[in-house]
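Please read this briefing alongside the sequence and the structure. It is arranged by topic for a reader who has not seen the model before.

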Protein chains: 2
Amino acid sequence: MDHTDGLARAGTLSIHDHTVETPVFMPVGTAGSVKALPPDDLAALGASLVLANTYHLYLRPGAEIVRQAGGLHRFCGWNGAVLTDSGGYQVFSLQDLRKIDPDGVTFRSHLDGSEHRFTPESVVDIQCALGTDIAMVLDICTPYPVDHAVAAADLEVTLEWARRSRLHHESVASPKPALFGIVQGSVYPDLRRIGAQRLIEIGFDGYAIGGLSVGEPKEPMWEMTAVTTAELPKEKPRYLMGVGTPEDMISGIGLGIDMFDCVLPTRNGRNGTAFTSRGPLAVKAARYAADFSPLDSDCDCPVCHRYSRAYIRHLFNAGEIAAMMLTTRHNLHFYLSLVRRSRRAIAGGEWADFAGEFLERYRSGAAEET
Amino acid sequence: MDHTDGLARAGTLSIHDHTVETPVFMPVGTAGSVKALPPDDLAALGASLVLANTYHLYLRPGAEIVRQAGGLHRFCGWNGAVLTDSGGYQVFSLQDLRKIDPDGVTFRSHLDGSEHRFTPESVVDIQCALGTDIAMVLDICTPYPVDHAVAAADLEVTLEWARRSRLHHESVASPKPALFGIVQGSVYPDLRRIGAQRLIEIGFDGYAIGGLSVGEPKEPMWEMTAVTTAELPKEKPRYLMGVGTPEDMISGIGLGIDMFDCVLPTRNGRNGTAFTSRGPLAVKAARYAADFSPLDSDCDCPVCHRYSRAYIRHLFNAGEIAAMMLTTRHNLHFYLSLVRRSRRAIAGGEWADFAGEFLERYRSGAAEET
């Protein structure tokens with residue numbers, strides 16, 4: 001770690017020829033593109049690490065096309081770093097279309113119904129073919145709510161798959177991605193502890209906390225995060241998967257999380273909700289029709305520099321794609337800026353003050369009052 | 001004119017604080033945004049003059065909102081010049097929803113069915129409220145095919161409205177937009193000549209040729225263009241409305257046209273057709289799945305510099321908005337580059353060679369052969 005401040009950490013991830021400062025927010029680029037924001041625009045916002053989805057890229061365009069292109073970076077024209085998820089989350093979301101066995105999971109494509117199979121080993125191979133920088137192990141993302149017994153059984157499979165993933169990863173020729181393990185265990189502290197300890201025994205380049213932000217209340221979510229991070233080695237990066245709101249990121253950073261991903265800034269951007277320093281703003285609302293102030297008057301992003309709420313509202317009302325583009329840009333800037341400012345606050349030993357001030361202003365709801 | 005080469009012209013339009021070099025292509029920004037390309041991206045492509053639609057902006061967000069914002073440039077965050085059409089074309093396209101009388105036209109909004117009225121004077125006022133740089137007179141865009149008698153009657157109304165527009169424009173306080181007249185007359189040379197001569201008698205800052213590219217064959221379209229430009233004063237800009245393909249722009253420039261607008265580069269960009277130096281390319285086609293070359297290997301645009309046909313095809317297949325954004329950017333670059341290169345060729349006295357070489361390569365269809 002470069003700096004710590006309480007449990008909060010500021011670190012540097014070096015992966016292949018990429019350097020990623022943490023805490024980091026990873027924009028979600030499911031199919032090799034962050035929605036409504038091509039890679040060069042994403043780079044212009046200062047994003048350093050993007051999340052891509054193994055399941056989606058495996059089905060379309062196919063790992064072989066990406067491999068032929070020279071990997072995801074070349075294929076997508078993206079010069080930053082890439083983390084690919086394992087596809088487990090997507091496959092297990094298919095519900096009726098998938099069948100788990102101890103060796104892996106068989107599923108049908110949501111695109112054409114064709115049958116496919118993921119094993120811990122094949123998922124490592126696919127991510128290697130994609131040329132990712134950070135690969136995730138195949139895991140079972142236990143749904144919420146779930147009995148302790150089911151969560152424990154899922155965890156056992158996840159741990160066995162993690163062992164096999166690591167073993168297979170060791171056999172892959174370099175250059176190869178870093179490999180992260182994923183702690184499961186639902187909302188049961190004992191399972192989370194066991195999950196973390198046994199992954200550490202196997203040994204990974206980083207540790208993710210999975211199976212949270214899947215419908216459980218905030219209290220167990222943060223309890224599980226705290227229980228898990230307490231077990232994790234201080235020198236390895238920690239990734240809280242699928243989290244979250246700006247407030248969630250503050251909470252997560254405060255508990256020692258280094259990495260986040262979430263669709264909120266992009267999805268909400270397309271739906272017309274802007275994140276601002278004074279809380280979310282529903283820019284389509286009629287009250288902004290003649291509001292010529294920027295989305296966030298405290299924001300230094302190119303969108304707030306140039307465009308008004310009235311203009312962006314008009315673009316949404318007129319069904320213009322530019323509305324989604326501009327709000328997505330702003331929202332991602334907001335998220336990326338939040339983690340950058342968090343890092344500076346941690347480095348300066350001012351984390352608690354920064355977090356408190358951010359939350360107070362964010363929760364004031366003043367964005368909607370103008 | 002800065003240069004002429006045969007009938008082809010290279011000029012400079014100075015409007016308010018904007019300088020526009022001609023020949024110029026105006027991207028179409030109907031509702032105050034070029035589709036899938038926000039104003040800052042459009043500026044980055046080197047566009048100097050954009051077309052916005054009076055009818056659309058009048059209905060939504062309303063001229064008053066734009067006026068309150070300080071005009072279209074301020075409202076849209078666009079630093080270049082703006083030409084607004086008169087709304088005539090859109091209103092007359094409404095067919096069952098509009099009724100023409102000698103004084104103006106009453107129509108129902110395509111958005112909510114509400115009743116509105118445009119007169120030559122009100123349309124000048126609306127464009128002044130929008131803060132445009134170049135305003136167009138209200139005209140009757142005669143459909144094709146049409147009898148000589150109907151075309152002549154429409155022309156009479158258009159000319160009377162032009163006279164009233166000019167008179168009203170003179171009464172407007174400065175700063176005010178330049179005002180262009182529009183020559184109608186369908187495919188009848190005598191009407192086109194009369195239309196041009198009488199507009200010249202009234203006196204405008206520039207002259208547009210309207211009512212072409214509305215379904216007539218190419219031959220009368222170019223005959224009418226030639227007949228009309230022969231009448232027009234050499235020192236005033238000439239605008240061929242709604243034209244056209246890259247080949248059309250070459251033809252138009254060769255006949256002394258200075259200004260063009262067309263939805264083709266943007267609409268086709270959203271539909272997956274890229275304009276290239278070797279002809280159009282349907283980038284969604286399966287044959288590009290593993291084609292890692294750029295849309296156009298002779299193109300120096302940021303899209304071709306960074307992204308491959310395979311990637312853009314993948315984005316279209318995955319339904320990613322970025323596909324439309326990237327292909328729109330490329331297509332507009334292609335159009336803007338074509339008029340810039342045309343200008344250089346005219347200035348260098350090499351217009352005929354340039355036009356011939358462009359057309360030979362463009363018509364080769366080689367883009368689809370790789």
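In chain A, 24 residues of domain 1 are in contact with 22 residues of domain 2. The model is predicted.

Domains of chain A

- The domain assignment places domain 1 of chain A at 3-262 and domain 2 of chain A at 272-368.
- Taken over C-alpha atoms, the centres of domain 1 and domain 2 of chain A are 28 Å apart.
- On the side of domain 1 of chain A that touches domain 2 of chain A, two or more residues each come from strand E1 (3-5), strand E2 (8-15), strand E4 (24-26) and helix H10 (246-254) of chain A.
- H10(A) gives the largest share of that side of domain 1 of chain A, with six residues.
- By class, the residues on that side of domain 1 of chain A are 14 nonpolar, four polar and six charged.

A residue of helix H14 in chain A

- A:Arg343 lies in helix H14 (residues 321-347) of chain A.
- Is A:Arg343 buried or exposed? A:Arg343 is buried, because 23 other C-beta atoms lie within 10 Å, and the cut-off for a buried residue is 20 or more.
- Leaving aside residues up to four places away in sequence, A:Arg343 touches A:Ala10, A:Glu21 and A:Pro23.
- Between A:Arg343 and A:Gly203 there are 27 Å from C-alpha to C-alpha, and the two are 140 residues apart in sequence.

How chains A and B are related

- Chain B is superposed on chain A by a rotation of 180° with 0.0 Å of shift along the axis, at an RMSD of 0.0 Å.
- This is the relation of a two-fold axis.
- The same surface serves both copies, as 100% of the contact residues of chain B recur in chain A.
- Among the residues of chain B, B:Ile321 comes closest to the rotation axis, with its C-alpha at 4.0 Å.

The contact between the chains

- Chain B has 35 residues in contact with 35 residues of chain A.
- On the side of chain B that touches chain A, at least two residues each are supplied by helix H3 (63-69), helix H4 (72-76), helix H12 (302-306), helix H13 (309-317) and helix H14 (321-347) of chain B.
- That side of chain B is made up of 23 nonpolar, seven polar and five charged residues.

- Strand E11 (residues 178-183) of chain B runs parallel to E12(B) and is joined to it by four bridges. In this pairing, B:Val183 has B:Ile209 of E12(B) as its bridge partner.
- E12(B) also pairs in the parallel sense with strand E13 (residues 238-240) of chain B, over three bridges. Here B:Ala208 stands opposite B:Tyr239 of E13(B).
- A right-handed β-α-β unit is made by E11(B), helix H8 (residues 189-202) of chain B and E12(B).
- Another right-handed β-α-β unit is made by E12(B), helix H9 (residues 218-231) of chain B and E13(B).

Key:
Residues are numbered from 1 along each chain as its sequence is written. Chains are lettered from A and ligands numbered from 1 in the order in which they are written. This is a predicted model: local features need pLDDT of at least 70, side-chain atom pairs count only at pLDDT 80 or more; totals for chains, interfaces and linings use all residues. Copies are superposed by least squares on the C-alpha atoms of residues with pLDDT of at least 70 in both. Two residues are in contact if their C-beta atoms, placed from the backbone, lie within 7 Å. Two strands pair if DSSP finds at least two bridges between them. A crossover is right-handed if, with the strands pointing away from the viewer, the path from the first strand over the helix to the second runs clockwise. Ala, Val, Leu, Ile, Met, Phe, Trp, Tyr, Cys and Pro count as nonpolar, Asp, Glu, Lys and Arg as charged, and the others, Gly among them, as polar. Domain bounds come from an automatic or database domain assignment. A residue is buried if 20 or more other C-beta atoms lie within 10 Å of its own, exposed if 12 or fewer, and partly exposed in between; C-beta atoms are placed from the backbone.
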